[in-house]
Amino acid sequence: MPADTQAETHTGVQDETGIRAGADRPTRLIVLGSTGSIGTQTLDVVRHHNALGGQPRFEVVGIAAGRASDTLSEQAREFRCPPVSAETDGPTAAADLIRATHADGGIDLVMASIVGIAGLDPVLAALQLGIDVALANKETLVAAGELVVSTARAHGASLLPVDSEHSALWQCLAGAQHTPARPPLEAPAGVARMTLTASGGALRDATSDAIAAATPEHALAHPTWSMGPKVTVDCATLLNKGFEAIEARWLFGMPPERLGVLIHPTSTVHSLVEFDDGAVLAQLGTPDMRTAIQYALLGGVHAPALSSDRLDLAKLGTLEFREPDADRFPMLGLAFEAMRRGGTAGAILNAANETAVAAFLDPANADGSRLRLGRVTEVVAEAFGSVQPEPAESLDAIKKADAEARAFTSRII
């Protein structure tokens, strides 16, 4: 659906910065996963823009996290909004918060940064109400991309990418059109290929044997980005980049054969878009997630940033790219296979990986004595090959595939 049509079906209007809000009030924002890496950086961006002077840009009307904590309570006091947690308020707490807050005074934007399949229900709840979602939960599109995209289209809501790679693709497309635009959810005219870059994670230059023997300590030593532990482990296996390729497939309507991945150690170029005439646009920047978060919160508009860091190409000198090694990082290939299989294959892959990584990160496995990273890859591959995908025609079908894959993975672990 074109961006102007989407805006007409949404409560409120777009102001000159691209934010959807009322004509005379701040953007009403809910932050899901508020105590995690993306959530806390989102609130940093909110503080920054609300301190620029004049009317506050954002009003945080709700926050949610997986568990109750001092951090969650402190956030609730600062922003004067109700906190909820799955731990104390139940697994539907985040979705219930969205529905109740929307009925009470409306919501303009939901930041979805709950990690894992737990983030799916609240994302669907927001989209069903026609609320735009800034999406930092990649598992939502990996497991249920077809359902999520069809829901967004049906209710005139937008999915605004927060991952730096997808934000970069969005910015490249907007730059080519010379105007802010919402991610199209279908293949853009004139685009031949999209390439996502990967730092390569903590084990980028490790041998196959070293990767197989890696402990949580090894896998969590990411050289570039500061992220949560689950995502950092996925970076070490390159499955995180495979999941991001699946995200791009749904956000931009690109088939797997027109998506690529390149290892780029400095994380300076975040993604590239190649057009039919051979021209390539790339988005470059410092590795600061708050830049991509801000771009999503502002609806696709560049504005003064929280960070004063600027990219100095002269100091950088060179840009290095190389193909990922399929033999050392077989999980990347599983993600592309999931795209080709379709249906619930993504849900199966995601569930198997979540289960295996949780066991890998268990404090009892801190030294890798129970589970090494190589075994994580083997377990995920076995589950992905054994649990058969079905059509992803409903949320029940996705949850069924998720449950089957988790049970299978738990048994073989």
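Helices α16 and α17 cross in a right-handed manner, the near helix being turned clockwise from the far one by less than a right angle. The model is a predicted one, in which local features need pLDDT of at least 70 and side-chain atom pairs count only at pLDDT 80 or more, whereas totals for chains, interfaces and linings use all residues. Residues are numbered from 1 along each chain as its sequence is written, and side-chain values use heavy atoms, with hydrogens and water left out.

The axes of α16 and α17 (residues 373-386) lie 9 Å apart at an angle of about 150°, and α16 is therefore roughly antiparallel to α17, a term used for angles over 145 degrees. Angles run from 0 to 180 degrees between N-to-C directions, and axes are lines fitted to C-alpha atoms over the stretch in contact; helices are DSSP runs (H or I, at least four residues) numbered from the N terminus. Residues of α16 including Ile348, Leu349 and Phe360 meet residues of α17, among them Val376, Val380 and Phe384, where contact means heavy atoms within 4.5 Å. By class, this contact of α16 with α17 has 13 nonpolar residues, one polar and no charged, with Ala, Val, Leu, Ile, Met, Phe, Trp, Tyr, Cys and Pro counted as nonpolar, Asp, Glu, Lys and Arg as charged, and the others, Gly among them, as polar.

Helix α16 (residues 345-361) also packs with α7 (residues 138-155), their axes coming within 6 Å and crossing at roughly 135°, which means that α7 is oblique to α16. Here Glu139, Val142 and Ala143 of α7 meet Gly346, Ala347, Asn350 and Glu354 of α16.

How values were computed
Helix = DSSP H or I, 4+ residues; strand = E, 2+ residues; numbered from the N terminus. Parallel < 35°, antiparallel > 145°, perpendicular 65-115°, else oblique.
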